[in-house]
Amino acid sequence: MNYAKINKTDIANGPGVRVSLFVSGCTHHCKGCFNPETWDFAYGQPFGVEAQAEILQALAPPYIAGLTLLGGEPMEPGSQRALLPFLERVREAYPEKTVWCYTGYLFDQELLGCSRARCEVTDALLALVDVLVDGEFMQEKKDISLRFRGSKNQRVIDVRESLGSGKVTCLE
């Protein structure tokens, strides 16, 4: 997996000050996407040991609330496979920090159901995510007044509550 950018002080993609990883590769190609360069799976740099160490170090300060995954598309199967062992390390090192993930895939229909996004690590990866912002960005439903999402169709989902109850629990 490649990544486009690491932002060490992000205040737009989840609550508090966060570290954000923008992965490369997306098959959605949403009209009006704010990061179209990240559609290319080859864009950016390899997500290797150095990049992972940089993120782990950036998460250390107590004022950092957690990690946000976006892109690109973190829930493309290849990205999921690369992110799972890394998120396990994040959880081990920083159990008190939250993990947010932005995806164009729908949580209940595509990530939990049969789809091109679902693979052998999807369940394990979702178990490490606290909040999932799901749904493709839709230009015609864009609303700049929404917190933590770009269009009205997107949902801010409490993943742990949703997995535990068997029904989607939205935070906003």
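Biologist: Which strands does helix H2 (residues 77-93) lie across, and at about what angle does H2 run to S4?

Modeller: This is a predicted model: local features need pLDDT of at least 70, side-chain atom pairs count only at pLDDT 80 or more, and totals for chains, interfaces and linings use all residues. Residues are numbered from 1 along each chain as its sequence is written, and side-chain values use heavy atoms, without hydrogens and water. Helices (H or I, at least four residues) and strands (E, at least two) are DSSP runs numbered from the N terminus. H2 lies across S2, S4 and strand S5 (98-102), at about 175° to S4. Angles run from 0 to 180 degrees between N-to-C directions of axes fitted to C-alpha atoms, for helices over the stretch in contact (heavy atoms within 4.5 Å). Helix H1 (residues 49-58) runs at about 15° to S1.

Biologist: What is the strand order of the open sheet?

Modeller: Strands of a sheet pair through backbone hydrogen bonds, either parallel or antiparallel. Pairing here takes at least two DSSP bridges. The order is S3-S1-S2-S4-S5-S6-S7, with mixed pairing. Strands S3 (45-46) and S7 (155-158) are the edges, each pairing on one side only. S3 pairs with S1 (residues 2-10) in the antiparallel sense over 2 bridges; Tyr3 has Gln45 as its bridge partner.

Biologist: How many residues are in the largest nonpolar core?

Modeller: In soluble globular proteins, nonpolar side chains tend to be buried together. A core joins buried (under 20% relative accessible area, 1.4 Å probe, protein chains only) Ala, Val, Leu, Ile, Met, Phe, Trp, Tyr and Cys through side-chain atoms within 4.5 Å. The largest has 36 residues; Leu67 and Leu87 are among those touching the most other members. H2 gives the largest share, 5 residues. A separate core of 8 residues includes Phe22 and Phe148.

Terms used: Buried means under 20% relative accessible area, exposed over 50%, partly exposed in between (1.4 Å probe, protein chains only).
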